[in-house]
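Trainee: Can we go through this one together? I'd like to ask things as they come up.

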Amino acid sequence: MNDCILCPRLCHVNRNKEVGFCKANDKLKIAKADLFYYEEPCLGTSGAIFFSNCNLRCIFCQNYEISTNNIGKEITIEEFSNICITLQNKGADNINLVTPTIYVPLIIKGLDLAKEKGLNIPIIYNSSGYETVETLKLLEGYIDIYLPDLKYIRPNKSMRYSKAYDYFDKASLALKEMRRQVKDEFDGKIMKSGMIIR
């Protein structure tokens with residue numbers, strides 16, 4: 001967190017003291033955590049955790065208040081682990097991490113702690129696809145299902161609508177790394193591992 005290169009922006013800011021493009025500091029911040037029934041049908045009921053802030057600026061974002069206006073509550077790693085367990089106990093088929101990129105090191109610590117407490121359902125990484133391969137490699141073994149939204153192919157469009165000229169270059173490499181990490185497993189009703197590109 002003291003020289004942030006978690007996403008392709010490579011801001012190099014010390015998030016203990018300042019914020020970069022995403023506006024996130026060195027604490028986990030979430031806007032909502034609850035059961036979510038409206039993801040892809042093969043994912044069942046998600047225990048969705050919506051993280052505040054984002055490394056894109058999509059003008060069409062349906063979660064604009066969360067992603068751009070810094071709405072949410074700072075939580076500890078301990079609280080994050082407890083949220084995961086609570087969602088599992090409520091009947092979630094998975095833990096769905098929504099826009100998690102800028103918090104990856106903190107999420108890893110939280111998942112380690114949650115697993116010690118009995119978390120045993122699949123973990124979904126639900127992202128914009130604007131990732132670095134290096135950050136994704138930190139997640140190997142933690143993520144069961146990758147759920148990236150591939151938004152653009154043309155740089156002029158990704159710059160105009162999301163302020164990321166290099167979007168496709170980064171996302172295409174990221175998707176290959178996601179695919180490398182997970183194997184498809186589907187029990188006929190619920191996806192247990194794999195990848196869905198939207």
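Trainee: Which ring does Arg 9 lie over, and at what distance from the ring centre?
Mentor: Arg 9 lies over the face of Phe 21, 3.7 Å from the ring centre. A charge sits over a ring if NZ of Lys or CZ of Arg is within 6 Å of the ring centre and within 35 degrees of the ring normal. Residues are numbered from 1 along each chain as its sequence is written, and side-chain values use heavy atoms, without hydrogens and water. The model is predicted: local features need pLDDT of at least 70, side-chain atom pairs count only at pLDDT 80 or more, and totals for chains, interfaces and linings use all residues.

Trainee: What does the charged end of Arg 57 sit over?
Mentor: The ring of Phe 21, with 4.4 Å to its centre. Arg 9 and Arg 57 are also among the residues that Ser 162 touches, not counting residues up to four places away in sequence. Contact here means heavy atoms within 4.5 Å.

Trainee: Is Ser 162 buried or exposed?
Mentor: Ser 162 is buried, as its relative accessible area is 0%. Buried means under 20%, exposed over 50% and partly exposed in between, with a 1.4 Å probe and protein chains only. The residue is in helix α5, residues 155-162. Helices (H or I, at least four residues) and strands (E, at least two) are DSSP runs, numbered from the N terminus.

Trainee: And which side chain does Ser 162 make a polar contact with?
Mentor: That of Tyr 152, at 2.6 Å. A polar contact is a pair of N or O atoms within 3.5 Å; within protein, one must be able to donate a hydrogen and the other to accept it, and residues adjacent in sequence count only if both atoms are side-chain atoms.

Trainee: Changing topic: how many aromatic pairs are there?
Mentor: Eight. Rings of Phe, Tyr and Trp (its six-membered ring) pair if their centres lie within 6.5 Å; planes under 30 degrees apart count as stacked, over 60 as edge-to-face and the rest as tilted. Tyr 37 and Tyr 38 have ring centres 6.4 Å apart and planes at 80 degrees, so they are edge-to-face. Tyr 130 and Tyr 167 are stacked, with 5.9 Å between centres and 20 degrees between planes.

Trainee: Where do Tyr 130 and Tyr 167 lie?
Mentor: Tyr 130 is in the loop between β5 (123-127) and α4 (133-138), and Tyr 167 is in helix α6 (residues 167-181), so the pair ties together parts 37 residues apart in sequence. Tyr 130 is buried at 2% relative accessible area, and Tyr 167 is buried at 0%. Tyr 37, by contrast, is exposed at 51%, and Tyr 38 is exposed at 66%.

Trainee: How many salt bridges are there in the whole structure?
Mentor: Ten. A salt bridge is a side-chain nitrogen of Lys or Arg within 4 Å of a carboxyl oxygen of Asp or Glu. One of them joins Lys 90 and Asp 34, with the closest N and O atoms 3.5 Å apart. Lys 90 is in the loop between α2 and β4 and Asp 34 in strand β1, 56 residues apart.

Trainee: How many residues apart are Glu 177 and Arg 180?
Mentor: Three, about one turn of helix α6, where both lie. Glu 177 is buried at 6% relative accessibility, whereas Arg 180 is partly exposed at 42%.
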